[in-house]
Amino acid sequence: MNFFKRTIPLIIAFIMGIMMAFQYYVPHEASQSLLKVVTRWGITIAGFAVFIGAYSLFHLHWNKIKRKVPGWGYSTFVFFGAGITIIFGLYNGGEFFLHDKQEGTMFDWMYFNVQVPAGATMFSILAFFMASAAYRTFRARTSEATILLIAAVIVMLGRVPVGALIWEFLPPIADWIMSVPNMAAKRGILIGVSIGAIATSLRIIFGIERAYLGGGD
Amino acid sequence: MDKKTDVSILTWILVAFCVINIFFLVTGKLGFDAKGLGIITAVALTLAMYSFLYKDNPVFKIAENLFVGVAMGYWIIITWFNILKPDVFEQLIVPFFKDTGNAPQYIVIIPTLLGIFMLLRFSDKLSWLSRWSFAFVVGLGAGITIPNFIHAFILKQLTFDSLIAGSLPDSINNFLILLGVVSVLIYFFFSLEHKGVIGGVSRIGVWFLMIAFGASFGFTVMARMSLLIGRIQFLIRDWLGIIQ
């Protein structure tokens with residue numbers, strides 16, 4: 001049984017890894033269609049994985065409601081929001097879910113009037129918290145911290161009209177920071193990260209890295 | 001502030017919100033249709049989210065949980081329409097039961113089975129089958145990563161423009177980019193002790209990194225500010241109609 005539980009997954013990862021790595025270097029139509037088909041399979045599997053996420057979320061909130069933990073009432077809004085969106089999505093403007101997705105339905109209304117504004121507002125709140133955290137923690141105690149502070153201030157001021165009013169050279173300096181020193185450092189980081197990703201990929205393909213198999217038998 | 005004051009503030013805001021919207025609906029400024037009701041819903045959620053800036057409160061928590069639920073519902077439906085319906089239902093199941101002129105694509109059974117195996121993660125006895133699905137996805141990702149990362153993130157990033165460019169500023173910029181990349185890489189190279197020349201170059205790398213972190217911070221703050229401006233614009237233009 002151990003063969004099915006541990007060895008077969010390692011074989012699958014090895015075959016898929018080697019096949020996809022070599023596929024890149026084969027300039028043939030069959031190689032391109034293999035990439036297309038297998039990538040689509042990966043997306044299909046990921047599609048099923050959405051239901052794992054949904055189960056985890058609903059399970060968490062259902063337990064909160066069942067055990068009546070403090071604030072359990074808010075969890076009902078998760079089910080309300082999901083339920084109403086799923087119903088509108090399945091109803092599909094009267095065409096139902098077996099037909100192609102219709103435009104301008106209540107499902108789209110939910111997206112544009114609930115999800116988009118709530119998401120944008122949620123992320124915009126971070127502007128306040130980042131500014132507040134920066135005010136409390138940014139101190140030019142060392143030369144490195146001073147460089148970071150100056151770069152941040154220049155980029156922030158250079159991106160808004162008031163920056164040009166303060167000093168006309170602020171926007172071009174901000175652009176220069178983004179396109180020269182910032183890009184140089186990002187390139188260095190990217191090269192390092194890529195070498196790490198390639199090393200990890202090789203470890204996965206050759207079965208050295210097995211964390212994705214999880215624990216147990 | 002005590003709870004009584006909080007309840008009082010919340011009540012007055014709710015009353016003001018209702019009065020304003022009823023006024024807009026009665027005067028025809030907002031239509032009693034999908035668009036008008038959509039604006040009112042979006043405004044309610046925007047204000048509920050911003051109420052967190054005062055303190056954590058029930059209105060924010062309701063909006064937050066509603067948002068999470070709607071987002072999950074949205075992804076379930078989009079997954080069906082964009083992935084499962086075209087790739088599994090229409091290619092395998094429909095032609096199997098109905099004569100559509102196309103033969104069932106039996107090869108689709110492989111990703112379908114692997115997808116179902118993934119859901120078996122919740123079964124005590126069969127959860128090990130989900131490893132086959134994870135192995136497929138992880139192996140696929142690892143295989144694609146190696147050549148693509150070598151090409152796009154290593155070889156392409158090592159391509160530099162000539163140090164002797166058309167103009168002096170361009171030459172200086174090209175030199176700074178080269179210096180920045182090399183010094184940052186040396187900073188992350190721990191096989192040599194950071195002393196002497198290596199220490200000096202790695203210190204230059206730290207300066208480049210600090211500039212990059214500062215720039216990233218500033219850029220992120222301004223991206224959030226842009227979202228904030230967008231929401232404020234929505235409130236005072238689309239809802240209140242103060243600006244056009």
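So, the kink in helix α3 of chain B: α3(B) bends by about 60 degrees at B:Lys85, with a proline, B:Pro86, following within four residues. The bend here is the angle between axes fitted to the seven residues ending at a residue and the seven starting there. Helices are DSSP runs of H or I, at least four residues, numbered from the N terminus.

This is a predicted model, where local features need pLDDT of at least 70, side-chain atom pairs need 80 or more, and totals for chains, interfaces and linings use all residues. Residues count from 1 along each chain as written, chains are lettered from A in the order written, and side-chain values use heavy atoms without hydrogens or water.

Back to α3(B), residues 58-97. At the N-terminal end, B:Asn57 is the cap, with a side-chain oxygen 3.0 Å from the backbone nitrogen of B:Val59.

Now, what does B:Lys85 form with A:Asp100? A salt bridge, with the closest N and O atoms 2.8 Å apart. The rule asks for a side-chain nitrogen of Lys or Arg within 4 Å of a carboxyl oxygen of Asp or Glu, and it finds three across the interface of chain A and chain B.

As for the contact itself (heavy atoms within 4.5 Å), chain A puts in 116 residues and chain B 110.

How values were computed: Helix = DSSP H or I, 4+ residues; strand = E, 2+ residues; numbered from the N terminus. Polar contact = N/O pair within 3.5 Å; in protein donor to acceptor, adjacent residues only side chain to side chain.
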